[in-house]
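Okay, thanks everyone for coming.

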Amino acid sequence: MKILWNWLLEYCDLDRAMTAEQGAAALTKAGLEVEGLTDLGAGFSGVVVAEVVSKKPHPSADKLNIVSVITARGGEVTEVVCGAPNVPAPGRKVLWAQIGATLPGGMTLAAKPVKGVVSPGMLCSEVELAIGDDDDGIIVLAESDTTPLGAPAQVAVGVDDWMFEIKAPANRGDILGHVGMARELVSIVGGRVVLPNVDASAFTDVDAKVGFAVEIADATRCERYVARRIRGLAVAPAPRKMRQRLRNVGVRPINNLVDVTNYVMFELGQPLHAFDAAKLQHGKIVVRNAVAGSKFTTLDSVERTLVADDLLICDGATPVALAGVMGGLDSEVTSTTTDVLLESAGFTALGVRRTGRRLGLHSEASHRFERNVDPAMAEFASARAAFLLGQMGGQIAGEVVDANPAPRKLAPVVLRHARLHAIAGATFAADTAERILRQLGCTIEASTAAELTVTPPTHRFDLGREIDLIEEVLRLGGYDAVPDTIPRLRQAPALQAPDRQDVVRHALVQAGLSEAITFGFTSETRVQSLGLPPDDRRATSIPLKNPMSLDQAVMRTSLLPNLLGAVARNASFGEHDCALFEVGSVFLARPRDPSLGRDAGLADEQHMVVGVLSGKRPAQLAATTAWDVFDAKGFAERAIEAVSNAPVVSRATATVPYLHPGLAGELMVNGLVVGHFGEVHPAVRAKFGIDGPVFAFEIALAALPSAAPRQMTSIAKFPGTSRDISLLVDNSVPASRAAEVVAAQAHPLVQSIRVLEEFRDAKLPPGTKSMLYSISYRAADRTLTDADVETVHTALVKQLVQELGAQQR
Amino acid sequence: MSSPDSSSLIAQLDALAAQFEAAVAPLVDEQSIRAVQAQFLGKKGRVSELMKELPKVPPAERPAVGAATNRVKQAIETRVESKLQELASAALAADLARSIDVSLPARPAPAGHMHVLTQVRLESIAIFAELGFAVASGPQIDTDWHTFEALAMPKDHPARDMQDTFYIADDVVLRTHTSPVQIRTMLNQAPPIRIIAPGHVYRRDDDPTHSPMFTQLECLLVDEGISFADLKGVLLHYVRRFFARDLAIRLRPSYFPFVEPGAEVDMECSFCALPGAATANAWGQPLIRRDECRVCKGTGWVEIGGAGMVDPEVFAHVGIDSEKYTGFAFGMGIERMAMLRHGISDIKYYYEGDLRFLRQF
């Protein structure tokens, strides 16, 4: 919210004088963070208040005048050329930009001839000083203006001030006005609050009546309703300083009536509403809930459909305002209004918020009501507005209608000193809490060595509990007064399994992949880019109800699309060689599951690992070798082994829609599929605009078994030997089949079998390939003889030939 | 054939020696040298063959012949050794004659890059582990109840405006902070509770300093006798360990519905120092003058998160006795910590998968 420093100071009698910067620092330290500090008068300089002495026509231009001005009684008279049509009579004050003055936009004035007469500067309009919209003539100060001659123009127009942009805590409705902020500053700095003048007796017709009764149907929604009547108003612009202050806090001045209601709202935090009394028919204001489905046109000319929860102000039975949110079009004050019914009410926060939210209406008034406006201030604010309108010529009815069925009384709260010290971790002098709470306007009902009984002031809705008072004592006592300590560890942390996501990250980074982190949401187009069949859970994404863009409209069901996006993006910047992975959550829809209690509606969130490879492998000089499917397989196996310490086997699959049907495999651990690898389907990568092949792997982390600590196996003491075997087999026989055959034999002398070569050639019989294997033999207790090996090897070869349908070559 | 005399045999031995030299001189490998050595010195070698004549030499002359034989054998063996030595020297010299251009690029060893956010997260976990904090986690799509209501933000609470929320359903949201993990932990575990919860969170915000997804690190300690001073001590420890510098922290009163007293946490700016103070950080990187610092705008402070004492209302929601137990919680942005330590200028870089960024860390 915007607070003007000098306006604020009008309500403070501080124990020590402060600059705006010091004030900002003090508020910030007490939790009212001043996020911006603007010198409102910095836009121009060298412009002073001057009095018109005389004027005469310019000798050679009809529309120009030569105006004589002084900046001190009996001072030197200067002639300034002025083209404005509204040069005032002698004795009135204007604003003179002298030679050397700088104006908004950076122009510096020099003496310059205007149609042959040299003018020492100029007389300024609102637009020239960038303080308003009036470009029809120069600024002429009001006759009642008391700014001394020669004073900076900033003082005269009300921009000799600092504007604070304050981050107001959401629970502090009481500081959404300058008086409220003054209470706060006084509490922090010391001093007392000076309330503005409300003595309107000079403008009051004591016998005049309001002419309206007030009936509150539901006191839980409207705690108080104060009505005043002001007659005989002449709608005109409000005084210049009032208008300027409103502009400075971001409100456009309208006329004296509207401006006063706004001014008092920014002064006291109490929203006011002015009805044109001539447009009200029934002599009775009724505050009641709306009839569901009824219509009401607010003063922004929008017809709204209401629900029963909405609160209305009615003229008899006719709705005239949406309580606390916005007035109605039909009872709006206009430039012809002379007779006003002024509302100052206490609408309760949640109701205003619900209506405002539902209708998408957020006003200065609703903003305040949503954060609690003190009903105890309603009468004072009404009186203040009446006083200001009285000053502008209004006649105030002596009667005040104040419907205040159940004045709110805040309950006393007990503050235990021991509790304060326990929460703070520090001790305070015995009277510190009492002193601070008194500064805040609290009443100390009782004080013992152990505790205080405290009644907060009516505007501090937020002080209902002991902890609230403790916070206030710490806040104003200074958080800096609390030392820093290290909390005692009473119990060792619970056992924790290593985070598999991090285990995989480490393994893949060591293997040479780089980690990407992409958004948890993605576009529906990307979800569908994988070509998943409708019965695949990943084909149905979870949409956001209020996404910011189509690119972030649904939750991802696979990590692959965002990574393919990263590959494409890298390529667009000339980075064609990618080796990326991501470890993260995907979000799968699942039917509401009541057995999960509160979590019934949550997604099935699964942790996945996906890697993508494009372009070439890292190489010393010009990279020449491209990644291929077996790189993807290798990285996948490394990741799985890091988590599970278990052997991985693979078999071909042609059914993963986003992988090339002939260049893809399933990864299996303990007979269960845990992931896939292969070349990304060319049609899928084409949707991302990727030109070359991309190889990928994916692993479902939840599917992996946990690893036990590795156990050492004995180191062989005797040398082993190996035999190579070349087999001609059908293309359909996987290379890994030979290992399965060998493993099934479980011969104690056979150590391992390794593929040395896969050879495909047109010279081989059609549909066949030649496989070269090496089988290792070793005995634990002796050096093997040729004869030992020969017997086993011959049997093994026979078995292989038979089971693989192979020919030995 | 007449019986040989000693001088003739000795002359023949000497001739063998000369023949050996001639045979061995051109050889360049050990195997050939050994073969020639065997030809002369082997059991059936030429020296042995010649010695078969020895019985025919008058006995008185035999010692002279014997001596000559030993001399020749010795000479051949010495020559074999020296020849092998020469070859080894020549081979070594040839090997040492090789040279390369060492300025050519290295053959790259596998070099993947851990994302800088992961690095900061892991390091933060390690620092908190020193104080006994364990890692906890929760879902990114969470209930409105865990995310707001149990944290003292009922529906229609104005504080919800502070965190513009992505909704999945009326009662399901993308979590706007990691604080729901506090709730889940406190529901599942009795005090003492010491956890940190790093994780992705989402807010409807997108500008140079905000990303719709970012990463928070939540910290919660609930036990008997936990105070605001403990909160300060733990924050201070973390900041100092993470930046390896005696930085100060400052708590400013602030409002979060689920903590009271609540605070914004400021850290002394890690980029700058007052004139006359340190000129470099613990890693030797130069510090700029505080009045010229654009990170803290000369204030000396940068905001890193929110903190406070767990509000009794939150304890009530999870069934913890707030008279017996007190606790503190804080949350901070991991992106922010990475920015402050690594000089990262724009939050969007973290999520683009751009190798030119990832490779730098």
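Housekeeping, quickly. This is a predicted model, where local features need pLDDT of at least 70, side-chain atom pairs count only at pLDDT 80 or more, and totals for chains, interfaces and linings use all residues. Residues are numbered from 1 along each chain as its sequence is written, chains are lettered from A and ligands numbered from 1 in the order in which they are written, and side-chain values use heavy atoms, with hydrogens and water left out.

So, the interface. We have 87 residues of chain A in contact with 91 residues of chain B, where contact means heavy atoms within 4.5 Å. The buried area between the two chains is about 7,600 Å², with 56% of that coming from carbon and sulfur atoms. Buried area here is the accessible area, with a 1.4 Å probe, that two parts lose on being put together, summed over both.

Ala422(A) is partly exposed, at a relative accessible area of 39%. On that scale, buried is under 20%, exposed is over 50%, and partly exposed is in between, with a 1.4 Å probe and protein chains only.

Now cavities. There are 5 of 30 Å³ or more in the whole structure. A cavity is a set of points, on a 1 Å grid over the protein atoms alone, where a 1.4 Å probe fits but cannot get out, and lining residues have an atom within 4 Å of a point. Grid points are joined across faces, edges and corners, and the volume is the space filled by probe spheres set on the points.

The largest cavity holds about 130 Å³. It has 16 lining residues, and the closest to the centre are Pro169(A), Arg172(A), Glu471(A), Arg475(A) and Ser254(B). Two elements give two or more residues to that lining: α12 (466-477) of chain A and β7 (249-256) of chain B.

The second largest cavity is about 90 Å³. Its lining includes Asp174(A), Arg183(A), His459(A) and Phe461(A).

On to strands. In chain A, 5 strands make an open, antiparallel sheet in the order β6-β5-β4-β7-β10; strands pair if DSSP finds at least two bridges between them. The edges are β6 (78-82) and β10 (122-123), each pairing on one side only. Inside that sheet, β4 (residues 45-58) and β5 (residues 61-70) run antiparallel with 7 bridges, and Val52(A) has Val69(A) as its bridge partner.

Elsewhere in chain A, β26 (residues 413-416) pairs antiparallel with β28 (residues 451-455) over 4 bridges. The covered face of β26(A) is Val413(A) and Leu415(A), while Val414(A) and Arg416(A) are on the uncovered one.

Last one: is Leu463(A) buried or exposed? Buried, with a relative accessible area of 2%. Leu463(A) sits in the loop between β28 and α12 of chain A, and its contacts beyond four places in sequence include Val413(A), Cys442(A) and Leu469(A).

Methods. 1 Å grid on protein atoms, 1.4 Å probe; cavity = no way out; pocket = protein on both sides within 12 Å on 5 of 7 lines; lining within 4 Å.
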